[in-house]
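Colleague: Could you take me through one part of this model in detail, namely the sheet and the helices that pack around it? Please state the cut-offs behind each term as you go.

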Amino acid sequence: MQVPFCHCCGRPLPALSKKTRGKPIYCHTCTASRPYFTFSRSATAYTEFMRALIHRFKYQADLDLGRALGRVMAQQVDRYPILKKYQKIIPIPLHPEAANRRTFNQALILADQVADVTKGRVYPDVLLRLPGSALQHTLGRRQRKQGLAGEFFLARPELVGGQKILLIDDILTTGNTLSQAARVLLRGGATEVAAFTLAIGITVQDGY
Ligand SMILES: [Zn+2]
């Protein structure tokens with residue numbers, strides 16, 4: 001059985017009414033404020049089980065488990081063949097505070113597995129993520145205006161102009177992080193940005 005989901009962020013939704021059947025439907029979050037990515041899809045729901053696995057991968061540095069989780073995503077590409085359209089793959093960079101503690105970026109490990117099946121290429125250094133204050137100090141006013149959205153900075157604009165880009169992250173909760181990353185890429189000249197995550201949070205407001 002196919003679970004209905006938000007056409008934009010991919011969040012599973014309660015059963016369709018007769019009125020909405022066959023039409024694209026949107027969750028409360030995307031209805032209130034449409035994200036900058038065209039759409040996002042996720043391989044799994046962020047259940048207790050997934051939470052435990054992702055925790056082990058990230059905080060106990062279980063990289064074998066991380067690669068296995070990446071393969072779970074890769075297997076889902078068959079379900080979402082549209083993902084193959086995006087040949088440039090950008091993993092969401094680590095939050096600056098996490099980067100101090102962790103030596104690897106979980107999104108990059110997942111992205112490598114996805115790229116194996118989509119035949120896309122992974123670009124880990126296109127987006128930077130820094131504390132807002134650090135960016136304000138280091139960048140000129142014009143640079144800030146052009147290359148900055150939220151805490152993301154576009155470090156390699158020459159690689160995104162005219163490109164269709166797929167962002168990869170471990171979890172989508174509000175979608176705000178992915179949306180801000182998409183925003184900075186679009187401002188840099190990307191024609192389209194989509195997203196693919198390992199797991200998606202399911203919220204009470206959407207009927208769960
Ligand atoms: Zn949505």
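Modeller: Two strands are said to pair if DSSP finds at least two bridges between them, while the elements themselves are DSSP runs numbered from the N terminus, helices being H or I over at least four residues and strands being E over at least two. Residues are numbered from 1 along each chain as its sequence is written. The model is predicted, and local features need pLDDT of at least 70, side-chain atom pairs count only at pLDDT 80 or more, and totals for chains, interfaces and linings use all residues.

On that basis, five strands form an open sheet with parallel pairing, in the order β1-β8-β7-β2-β3. Its edge strands are β1 (40–45) and β3 (121–122), each of which pairs on one side only.

Strand β7, residues 164–172, is mostly covered, with seven of its nine residues buried (a residue is buried if 20 or more other C-beta atoms, placed from the backbone, lie within 10 Å of its own, exposed if 12 or fewer, and partly exposed in between). To one partner, strand β8 (residues 192–200), β7 is joined in parallel by eight bridges, and in this pairing isoleucine 165 stands opposite valine 193 in β8. With strand β2 (residues 88–91), β7 pairs in the parallel sense over four bridges, where proline 91 stands opposite isoleucine 168 in β7. Strand β2 is in turn joined to β3, again in parallel, by two bridges, and lysine 88 stands opposite arginine 121 in β3.

Helix α3 packs on the sheet, touching β1 and β8, and its direction makes about 125° with that of β1. Here contact requires C-beta atoms, placed from the backbone, to lie within 7 Å, and axes are lines fitted to C-alpha atoms, for helices over the stretch in contact, with angles running from 0 to 180 degrees between N-to-C directions. Helix α5, residues 106–118, lies across β2, β3, β7 and β8, running at about 125° to β7.

Helix α3 (residues 63–76) also packs with helix α2 (residues 48–59), at an angle of about 130° and with their axes 8 Å apart. That angle makes α2 oblique to α3, because angles under 35 degrees count as roughly parallel, over 145 as roughly antiparallel, 65 to 115 as roughly perpendicular and the rest as oblique. At this packing, Leu53, Arg56 and Phe57 in α2 meet Leu65, Gly66 and Leu69 in α3.

Methods: Contact = placed C-beta atoms within 7 Å.
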